[in-house]
Amino acid sequence: MIPHQAHPERIAEVSERYRTVLAEEARGRGMTLFEYVGRVGGMPKSEAHVYRDRVRSGSGGPLLTAAYDA
């Protein structure tokens, strides 16, 4: 997987509420916000669909749901 480049000006456009959620998720993974956004941006659809399906089924829990919504 080739990581996507996260652009600071685009991340700045994300609402403060969602940026906070994403930053918390990034910290929990030992990453910066920009690294995390780049990783998620480069995530294969098949992996993203696993998370989507967990959220839709209600089995992802509140943290995954918040990160997915962000």
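Biologist: In this model, which residues does Ala26 touch, not counting residues up to four places away in sequence?

Modeller: This is a predicted model, and what follows is computed from it. Ala26 is one of the residues of the largest nonpolar core, and a contact here means heavy atoms within 4.5 Å. With residues up to four places away in sequence left out, the residues that Ala26 touches are Met31, Thr32, Leu33 and Tyr36.

Biologist: How many helices and how many strands does the protein have?

Modeller: Read along the sequence, the protein follows the pattern α-α-α-α-α. The count that goes with this pattern is five helices and zero strands.

Biologist: What percentage of the residues of the protein count as buried?

Modeller: A residue counts as buried when its relative accessible area is under 20%. Applied to the 70 residues of the protein, this cut-off gives a buried share of 17%.

Biologist: Is Ala67 buried or exposed, and what is its relative accessible area?

Modeller: Ala67 is found in helix 5, and, leaving out residues up to four places away in sequence, Ala67 touches Val21, Leu22, Glu25 and Tyr36. Ala67 and Leu22 are 45 residues apart in sequence, while their C-alpha atoms are 6.0 Å apart in space. Because the cut-off for a buried residue is under 20%, Ala67 counts as buried, with a relative accessible area of 11%.

Biologist: Why are helix 2 and helix 5 described as oblique to each other, and what is the handedness of their crossing?

Modeller: The axes of helix 2 and helix 5, the latter made of residues 61-69, come within 9 Å and cross at roughly 125 degrees. Angles over 145 degrees count as roughly antiparallel and those from 65 to 115 as roughly perpendicular, so helix 2 and helix 5 are oblique to each other. The handedness of the crossing of helix 2 and helix 5 is left-handed.

Biologist: Which residues in helix 2 meet which residues in helix 5?

Modeller: By class, the contact of helix 2 with helix 5 has five nonpolar, no polar and two charged residues. On the side of helix 2 stand Tyr18, Val21, Leu22 and Glu25, and the residues that they meet in helix 5 are Ala66, Ala67 and Asp69.

Biologist: How do helix 4 and helix 5 cross, and which residues make the contact?

Modeller: The axes of helix 4, which covers residues 45-57, and helix 5 come within 10 Å and cross at roughly 120 degrees, and helix 4 and helix 5 are therefore oblique to each other. The crossing of helix 4 and helix 5 is left-handed. By class, the contact of helix 4 with helix 5 has four nonpolar, one polar and two charged residues. The residues that make the contact are Tyr51, Arg52, Arg54 and Val55 of helix 4 and Leu64, Thr65 and Tyr68 of helix 5.

Biologist: Is Leu63 buried or exposed, and what is its relative accessible area?

Modeller: Leu63 is found in helix 5, and the C-alpha atoms of Leu63 and Val21, which lie 42 residues apart along the chain, are separated by 8.4 Å. Because a residue counts as exposed when its relative accessible area is over 50%, Leu63 is exposed, with a value of 66%.

Biologist: Where is the place of Val14, and what is its relative accessibility?

Modeller: The place of Val14 is in the loop between helix 1, which covers 8-11, and helix 2. Val14 and Ala70 are 56 residues apart in sequence and 8.4 Å apart in space, C-alpha to C-alpha. Val14 counts as partly exposed, and its relative accessibility is 28%.

Technical notes
Residues are numbered from 1 along each chain as its sequence is written. This is a predicted model: local features need pLDDT of at least 70, side-chain atom pairs count only at pLDDT 80 or more; totals for chains, interfaces and linings use all residues. Side-chain values use heavy atoms; hydrogens and water are left out. A nonpolar core is a set of buried Ala, Val, Leu, Ile, Met, Phe, Trp, Tyr and Cys residues joined through side-chain atoms within 4.5 Å. Buried means under 20% relative accessible area, exposed over 50%, partly exposed in between (1.4 Å probe, protein chains only). Axes are lines fitted to C-alpha atoms, for helices over the stretch in contact, and angles run from 0 to 180 degrees between N-to-C directions. Helices (H or I, at least four residues) and strands (E, at least two) are DSSP runs, numbered from the N terminus. Angles under 35 degrees count as roughly parallel, over 145 as roughly antiparallel, 65 to 115 as roughly perpendicular and the rest as oblique. A crossing is left-handed if the near helix is turned anticlockwise from the far one by less than a right angle, and right-handed if clockwise. Ala, Val, Leu, Ile, Met, Phe, Trp, Tyr, Cys and Pro count as nonpolar, Asp, Glu, Lys and Arg as charged, and the others, Gly among them, as polar.
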